[in-house]
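Try each task before you read its solution.

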Amino acid sequence: MIEAKVRKRLGNFQLDSEYKDSGFSLLSGPNGSGKTTFLSIIAGTLSPDEGFVKVGSVETTNLPIDKRKTVFVASGSYIPHLEVEKHLRWGAMVRKTRLEDSRVREVAESLGIHASGRVSELSLGTKGRVALATALLASPEVILVDEVFSGLDGRAGVLSAYVDLTKRARIDVIATSQDDAGFESVDHRYVISRGKTARVS
Amino acid sequence: MNWLKIVAFAAVTVAVLPILFLLFEGLGPLRDPAGYGPQVFSSILLTIVSSAIAVGIEVVVFTPAAYYFARNPNSVLETVSDLPASVPHPIIGVALLLIDSPLTPTGKFLDSLGINFFDTLTGLVVALVVISTPVYIKAVEPFFASMNESHESFAKGLGASELRTYASVVIPNSLRGVLSASLISLSRSMSEFGSIAIIAYSVFSVYPAPVLIYQYFSSTGLSPAITASAVMILVGLALMAALRVVNAKLVIRP
């Protein structure tokens, strides 16, 4: 369960958003509506002016990023110098989580990762898949995905696989997008406009 | 016609003209055997070794500081860190002399540890670290500032602490910047004179190269000084070129 009720002012923009759900949610809205700001506050890369963030029963508002069990996946979310295989296992290694080879293969296959070599040399789409897989294999409590699905070929298939994988791993996910095409398999839908969120399903 | 290219080449040529002229005269009309004798090469070796040690210390000790400044801009701290580069360098030599003096508490303490700065390799390296650290930090900090912070945020989100993120993500992807900054700092150290003329004029009975050139100029004659200078320039150029080739070949390109 992710619970967030936060306010943040950035220049002329005012974020005043609420969220309380578990499972896989889509947060859609146009450019500049506050999607990234909202996710950044939940992830801990931005502090709210007011409000709180809770993951499960733990308030994470003032916790450092590495203590939140929340992975933020956006463009640029990868560790450039690592080879794909090591990258996939990196999060689990940091968290000292046991990771079976079969599990890594399953996730990689499901997300269509067939590349090898240094992650920095991969295409943008493949980097996104590797980042999503790495986040999943680290077994956090929450994964926040900022527009990454938008840039993937076969978005619906990857999304459907990711919904299934995160559900089985009991990981809550909020994914943002400017539109909801391909997001039929999500549990909940939220929209955000001018910094305000609203649950639509 | 690419006027920007012409202006750039012209500006660089004007800047290095004195060096080129000295190279021509030192290896040509004014060549003097005393300028490329064993004493000159001993001095050059001492300068290279002491500068390399100084740069090694800077990389280990001050790279974290540069990274911190890049992620947490603080004008006061940065101004303070620039101080050694903004004062006349003989002042640094005098300051180290004072710190090492048996008349001061610090000097007594250092003496109790068997540490002495005056005319020692320790003093020479310390002086070089003090004067070239601001150069190193200023050279590497912009590299860190330009790095995509998303890589670090991602690593922290996966559970990596600040220290682990620095060691496992930032450093492996900063080697190019660290090496480039090291080369700049190495050049600065090798050319230092003001502070080392005070604190380490002679080490193991060998003069650091800039001091030797000054010695030749003031007591032996212009020709040996010019020839020794030309030899030092050539050695320095060869070293820098070799290190840049190594830098280009070994560093990961993110």
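Of the 254 residues of chain B in this predicted model, 35% count as buried.

**Exercise 1.** Work out which secondary structure elements chain B holds, and in what pattern.

*Solution.* Start with the count. Chain B has twelve helices and zero strands. Now read along the sequence. The pattern is α-α-α-α-α-α-α-α-α-α-α-α.

**Exercise 2.** Locate A:Lys69 and decide: is it buried or exposed?

*Solution.* Find the loop first. A:Lys69 sits between strand S5 (58-59) and strand S6 (70-73) of chain A. Next, count neighbours. A residue is buried if 20 or more other C-beta atoms lie within 10 Å of its own. A:Lys69 has 20 C-beta neighbours inside 10 Å, so it counts as buried. Last, check the backbone. Its phi is positive, about 55°, although A:Lys69 is not a glycine. Most residues other than glycine have a negative phi.

**Exercise 3.** Do the steps again for A:Lys96: where is it found, and is it buried or exposed?

*Solution.* A:Lys96 lies in the loop between helix H2 (84-94) and helix H3 (101-110) of chain A. A:Lys96 has 7, so it is exposed. Its phi is near 55°, a positive value in a residue other than glycine.

Key
Residues numbered from 1 in each chain as written. Chains lettered and ligands numbered in written order. Predicted model: local features only at pLDDT ≥ 70, side-chain atom pairs only at ≥ 80, totals over all residues. Helix = DSSP H or I, 4+ residues; strand = E, 2+ residues; numbered from the N terminus. Buried ≥ 20, exposed ≤ 12 C-beta atoms within 10 Å, placed from the backbone.
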